[in-house]
Amino acid sequence: MDKPEYCVVALSGGKDSTAMLLGMIERGMQIDCILFCDTGLEFPAMYAHLEKLEKETGREITRIKAEHPYEYLMFDAPVRRGNDSPIVRRYGAGSLGYGWPGPRQRWCTTRLKDMPREKFLRELRKQYRVKEYIGIAADEQYRLERERNKNPGHVHPLVDWNMTEEDCLQYCYGHGYDWNGLYGQFRRVSCWCCPLQSLQEALTSDIPTEYPIPENKRINKYREKWCA
Ligand code: SF4
């Protein structure tokens, strides 16, 4: 017998996935789970945004986390590396931690988001035919071409609705969601140490004064370990 359909909204909390969620609710679309993978490194304004979303939509957000926190993975996790690895050459064979993530070394996405999400979905797939709603905007075609986004179980409503990134931001603002001004300050409002911003930007940004978030102590720890 065919498994029943189960619709999961992948919510990062940013403008695109928020616009997707609000649009789906407005259109009366089936939503069985709103899934947020918490890296533990979001801005406080993002956590406040999620709470506001829950309160105003009346929908619960399912929050999942990886087994190990970011800090452990970055500094302390045992990592197997070849002798020709630049880390081994510079810091020696027993060097722990994955270090600062980079565009070609996005261990953070894999370990803090993809792996816990897959684990969660794997359980659901035992019972359901899972449909995942992904917030890729209409002007992000290049993302749709990536292998991982060609999954037949993925749906991209923003593309169907022809909503660009800017449309999504304005749509959220129009619904009263402004992330306490985060989008006016940062190009990306995800983890403070996102490799999609430059390391220099992360190390020199005004975050400590503008957003006194506890994660900043990690920047100092990073400096001590990797920038000595
Ligand atoms: S640091 Fe950036 S790439 Fe890594 S998990 Fe956070 S948002 Fe994703």
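Author: Angles here run from 0 to 180 degrees between N-to-C directions, with axes fitted to C-alpha atoms. In this predicted model, helix α1 lies across β1, β2 and β4 (129-133), and runs at about 140 degrees to β1. These strands belong to an open sheet of five, ordered β3-β2-β1-β4-β5 with parallel pairing. Its edges are β3 (61-64) and β5 (154-155), each of which pairs on one side only. Within the sheet, β1 and β2 run parallel and are joined by three bridges; V9 stands opposite I34 in β2.

Helix α1 (residues 15-26) also packs against helix α8 (residues 165-174), at an angle of about 65 degrees and with the axes 8 Å apart. The crossing of the two helices is left-handed. On the α1 side, the contact is made by K15, D16, T18 and A19, and on the α8 side by E165, C168, L169, Y171 and C172. By type, five of the contact residues are nonpolar, one is polar and three are charged.

C168 touches K15, D16 and A19, and also A137, L158 and M163, leaving aside residues up to four places away in sequence. In the largest nonpolar core, which has 32 residues, C168 and A19 are among those with the most contacts, as are V9, A10, L11, L35 and L158. Elements giving two or more residues to this core include α1, α8, β1 (5-10) and α5 (107-125), while β2 gives the most, with five. Helix α5 in turn lies across β1, β2, β3 and β4, running at about 150 degrees to β2.

Terms used:
Residues numbered from 1 in each chain as written. Predicted model: local features only at pLDDT ≥ 70, side-chain atom pairs only at ≥ 80, totals over all residues. Helix = DSSP H or I, 4+ residues; strand = E, 2+ residues; numbered from the N terminus. Left-handed = near helix turned anticlockwise from the far one by under 90°. Contact = placed C-beta atoms within 7 Å. Nonpolar A, V, L, I, M, F, W, Y, C, P; charged D, E, K, R; others polar. Core = buried A, V, L, I, M, F, W, Y, C linked by C-beta atoms within 7 Å. Buried ≥ 20, exposed ≤ 12 C-beta atoms within 10 Å, placed from the backbone. Pairing = 2+ DSSP bridges.
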